[in-house]
Amino acid sequence: MPVRVLLVDDEPLVRAGLRAVLEAQPDIEVVGEAADGAAVIPLVRQTRPDVVAMDVRMPLLDGIEATRALLRTVADPPKILVVTTFENDEYVYEALRAGADGFLLKRARPAEIVHAVRLIAEGESLLFPASVRQLAAEYGDGGGNRAARATLERARLTEREGEVLRLMARGLSNAEIAARLVVGTETVKSHVSAVLAKLGARDRTQAVITAYESGFVAPG
């Protein structure tokens, strides 16, 4: 089955460019477009995308609030890929905090756009881990976020689960973590699932942000 993508951006040229790049791939299908975040929820319910590629800055409802509303309102929500002009942007970090699964620069090359959509859809590794680390270092409270620290303490991760979380933060995929720890991929999947459940995290990105903001992993 192809990866179903919904495009949300107030610039028609950006939407047209993304559509052209994505629809050139046999395993990706663009199922709809919107010009503002306010249209996301009804369109998601109508088109049932796997990934929403959403601009972080829009005039009526920006990508941060649209992400919050989507995750709060829609059962089994799609993955959210924030599309942005600037990489080192507090808006991007706030969107990730709100529940977005990753971000993509508007100036990205076609191959990078396709890779980002596929990676977000698969959910087995972190998109642009170095950039997420840089954002966490600049905007993530320097490991002093009380809520994140409380979440980590309540989680009571085992030693192996903590090791897996640290490797997730470095952007390693399940297969790469399995090779590093000399265990099977299914074992790693079980550990990742346990980490996400204990942290109450929707996905790897949210788990890694909690790890950075709690000081469990140093973003520097």
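The entries below go from the whole chain to the sheet, and then to single residues.

**Entry 1: the whole chain**

I note at the start that this is a predicted model. I counted the elements and found 11 helices and five strands in the protein. I then looked up the extent of the C-alpha trace, which spans about 50 × 35 × 30 Å along its principal axes. The radius of gyration is 17 Å, and a compact globule with 220 residues would have one near 17 Å, so the protein agrees with that expectation. Buried residues make up 53% of the 220 residues. I also looked at contacts with a separation of 6 or more, and residues 24 or more positions apart account for 70% of these.

**Entry 2: the sheet**

In what order do the strands of the sheet lie? I read the order as S2-S1-S3-S4-S5, in an open sheet with parallel pairing. The edge strands are S2 (28-34) and S5 (102-105), and each of them pairs on one side only. Neighbouring strands in this sheet are turned against each other by 25° on average, with direction ignored. As a reminder to myself, strands of a sheet pair through backbone hydrogen bonds, either parallel or antiparallel.

I then took one pairing in detail. Strand S1 (residues 3-8) runs parallel to S2 and is joined to S2 by six bridges. In this pairing Leu7 of S1 stands opposite Glu33 in S2.

**Entry 3: helices on the sheet**

Helix H1 (residues 12-23) packs on the sheet and touches S1 and S2. The direction of H1 makes about 165° with that of S2. Helix H2 (residues 40-47) also packs on the sheet, where H2 touches S1, S2 and strand S3 (51-55). For H2 I noted an angle of about 160° with the direction of S1.

**Entry 4: aromatic pairs**

How many aromatic pairs does a search of the whole structure find? The search gives two. In one of them, the ring centres of Tyr93 and Tyr139 are 6.4 Å apart and the planes are at 35°, so I list this pair as tilted. Tyr93 is in helix H4 (residues 90-98) and Tyr139 in helix H6 (residues 129-139), so 46 residues separate the two and the pair links distant parts of the chain. Both Tyr93 and Tyr139 are buried.

Phe103 and Phe128 also form a tilted pair, with 5.9 Å from centre to centre and 55° between the planes. Phe103 lies in strand S5 and Phe128 in the loop between helix H5 (110-122) and H6, so the pair ties together parts that are 25 residues apart in sequence.

**Entry 5: charges over rings**

I found the charged end of Arg57 over the ring of Tyr91, 3.9 Å from the ring centre. Arg166 lies over the face of Phe216, at 4.2 Å from the ring centre.

**Entry 6: Ala116**

I picked Ala116, which is placed in helix H5. Ala116 has a relative accessible area of 0% and is therefore buried. Which residues is Ala116 in contact with, leaving aside neighbours within four places in sequence? I found Leu81, Leu104 and Leu127. I also checked Leu71, which is 45 residues from Ala116 in sequence and 20 Å away in space, C-alpha to C-alpha.

Conventions. Residues numbered from 1 in each chain as written. Predicted model: local features only at pLDDT ≥ 70, side-chain atom pairs only at ≥ 80, totals over all residues. Heavy atoms only, no water. Pairing = 2+ DSSP bridges. Helix = DSSP H or I, 4+ residues; strand = E, 2+ residues; numbered from the N terminus. Axes fitted to C-alpha atoms, helices over the stretch in contact; angles between N-to-C directions. Contact = heavy atoms within 4.5 Å. Phe/Tyr/Trp six-rings, centres within 6.5 Å; stacked < 30°, edge-to-face > 60°. Buried < 20%, exposed > 50% of the residue type's maximum accessible area, 1.4 Å probe, protein only. Lys NZ or Arg CZ within 6 Å of the ring centre and 35° of its normal. Rg over C-alpha atoms; globule rule 2.2 N^0.38 Å.
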